[in-house]
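Please read the points below beside the sequence and the three-dimensional view. They are set out as a colleague's notes for a reader new to protein structure.

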Amino acid sequence: MDEYMSPEGEALVPLLAAFEAAANESHITRAAELLNLPQSTVSRRLQALEKVVGVPLFHSAGRGVQLTAQGRDLLARIRTPLRAIDEALADVKANADPESGLVRFGFPFTLGPVSVPSLLADFHVTAPHIRLRLVQGHAEALTAQLQGGSLDLAIVIPAPLELRSFALGEQPIALYVSREHPLAGRSHVDVAELADETFIANPPDYNLRSLLETWCAEAGFAPRIAFEITEFETMRSLIAHGLGVALLPAPETTHPGLVGIPLGGPSLHTRTIGLVAATTRPTPAAERLRAYLAEHAGRVIAASAR
């Protein structure tokens with residue numbers, strides 16, 4: 001009967017789920033934890049799938065695994081149907097109990113210590129049965145996950161132009177130096193005055209790195225970057241030890257070794273904070289969190305920026 005899935009198709013579904021998890025995690029053990037299955041079961045399913053397709057799909061890479069060319073091709077072809085199945089099941093569960101559900105929520109590192117945890121704690125009081133799977137990342141990574149469907153909702157700085165967003169506020173960017181730095185007592189500093197400074201910066205795919213290079217270029221110089229790092233707390237510690245200066249948003253926790261100095265000059269040194277939903281239809285739980293953040297996040301984030 002053509003309207004029913006074939007026995008071969010039914011047998012392949014768990015194999016493909018194991019394959020996608022291992023491909024996304026690049027690690028069999030983490031894939032097994034994600035699927036709540038024994039590692040041996042996941043390994044057997046991957047071996048069974050390779051036997052069905054007749055080609056290797058993974059090769060070893062250190063302690064993990066990487067896709068072969070054939071594996072990458074298979075992953076690209078199965079993602080859409082697997083997402084469709086996942087979304088259909090999620091919709092059924094959410095419609096059955098709109099007070100509960102899972103929301104995959106992303107937010108930037110610069111709002112992690114105080115603002116977002118405070119908002120989520122307040123939201124949990126109003127919706128105690130909604131579960132949150134939290135992801136932190138920089139703007140490009142969060143935007144890609146929203147577009148790919150692995151996130152339902154995210155606060156993204158700056159708000160991506162390619163996705164519809166709701167502006168929560170502006171995040172000022174200032175110069176941060178150690179307390180012993182010659183500029184520490186200034187009320188403001190023009191970017192042009194920083195041509196001889198040594199900078200500590202994020203990697204090139206971070207928005208703050210792009211802003212640093214853009215603003216310095218507008219001031220007539222290229223920044224001399226001595227340290228490149230993704231983690232903001234470590235970056236602030238490097239600044240406090242006098243190893244360089246950085247253009248950063250205000251820290252949400254106390255850093256006694258740092259001094260923040262407002263930036264002057266012709267450019268507006270801020271970034272838009274956007275609340276962005278995935279391109280797929282939101283579940284009731286995701287829409288509930290979106291509505292809560294749209295109403296309350298602006299006030300909390302504005303207070304943290306002062």
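1. **The chain as a whole.** This is a predicted model. The protein has nine helices and 12 strands. Its C-alpha atoms fill a box of roughly 80 × 45 × 30 Å along the principal axes. Of the 306 residues, 41% count as buried.

2. **The loop between α1 and α2.** Two residues of this loop deserve attention. Ser-26 lies in the loop between α1 (7-25) and α2, and its phi is near 55°, a positive value in a residue other than glycine. With a relative accessibility of 23%, Ser-26 counts as partly exposed. His-27 lies in the loop between α1 and α2 as well, but has a relative accessible area of 18%. Because buried means under 20% relative accessible area, His-27 counts as buried.

3. **The surroundings of His-27.** Which residues does His-27 touch, not counting those up to four places away in sequence? They are Ala-22, Arg-63, Gly-64 and Val-65.

4. **The crossing of α2 and α3.** The axes of α2 (residues 28-35) and α3 (residues 39-53) come within 8 Å and cross at roughly 105°. Angles of 65 to 115 degrees count as roughly perpendicular, and the two helices are therefore roughly perpendicular to each other. On the α2 side, the residues that meet α3 are Ile-28, Thr-29, Ala-32 and Leu-35. Their partners in α3 are Gln-39, Val-42, Ser-43 and Leu-46. The residues of this contact divide into five nonpolar, three polar and no charged.

5. **The loop between α2 and α3.** Asn-36 is found in the loop between these two helices. Although Asn-36 is not a glycine, its phi is positive, at about 60°. Is Asn-36 buried or exposed? With a relative accessible area of 70%, Asn-36 is exposed.

6. **A cis peptide bond.** Ile-157 and Pro-158 are joined by a cis peptide bond, with omega at about -5°. Pro-158 has its place in the loop between β5 (153-156) and β6.

7. **The buried side of α8.** Helix α8 spans residues 232-240, and its buried residues are Phe-232, Met-235, Arg-236, Leu-238 and Ile-239. Why do these residues lie on the same side of α8? They cover an arc of only 155° around the axis, which puts them on one and the same side. In general, an α-helix has 3.6 residues a turn, so residues three or four places apart point the same way.

8. **The packing and ends of α8.** The buried residues of α8 pack against several elements: the strands β6 (165-178), β8 (198-201), β9 (224-228), β10 (246-249) and β11 (258-264), together with the helix α7 (207-218). At the N-terminal end, Glu-231 caps α8, with a side-chain oxygen 3.3 Å from the backbone nitrogen of Glu-233. After α8 comes Gly-242, whose phi is positive, near 80°.

Methods. Residues are numbered from 1 along each chain as its sequence is written. Side-chain values use heavy atoms; hydrogens and water are left out. Buried means under 20% relative accessible area, exposed over 50%, partly exposed in between (1.4 Å probe, protein chains only). Helices (H or I, at least four residues) and strands (E, at least two) are DSSP runs, numbered from the N terminus. The arc is that of the directions from the helix axis to the C-beta atoms. Contact means heavy atoms within 4.5 Å. A polar contact is a pair of N or O atoms within 3.5 Å; within protein, one must be able to donate a hydrogen and the other to accept it, and residues adjacent in sequence count only if both atoms are side-chain atoms. Axes are lines fitted to C-alpha atoms, for helices over the stretch in contact, and angles run from 0 to 180 degrees between N-to-C directions. Angles under 35 degrees count as roughly parallel, over 145 as roughly antiparallel, 65 to 115 as roughly perpendicular and the rest as oblique. Ala, Val, Leu, Ile, Met, Phe, Trp, Tyr, Cys and Pro count as nonpolar, Asp, Glu, Lys and Arg as charged, and the others, Gly among them, as polar.
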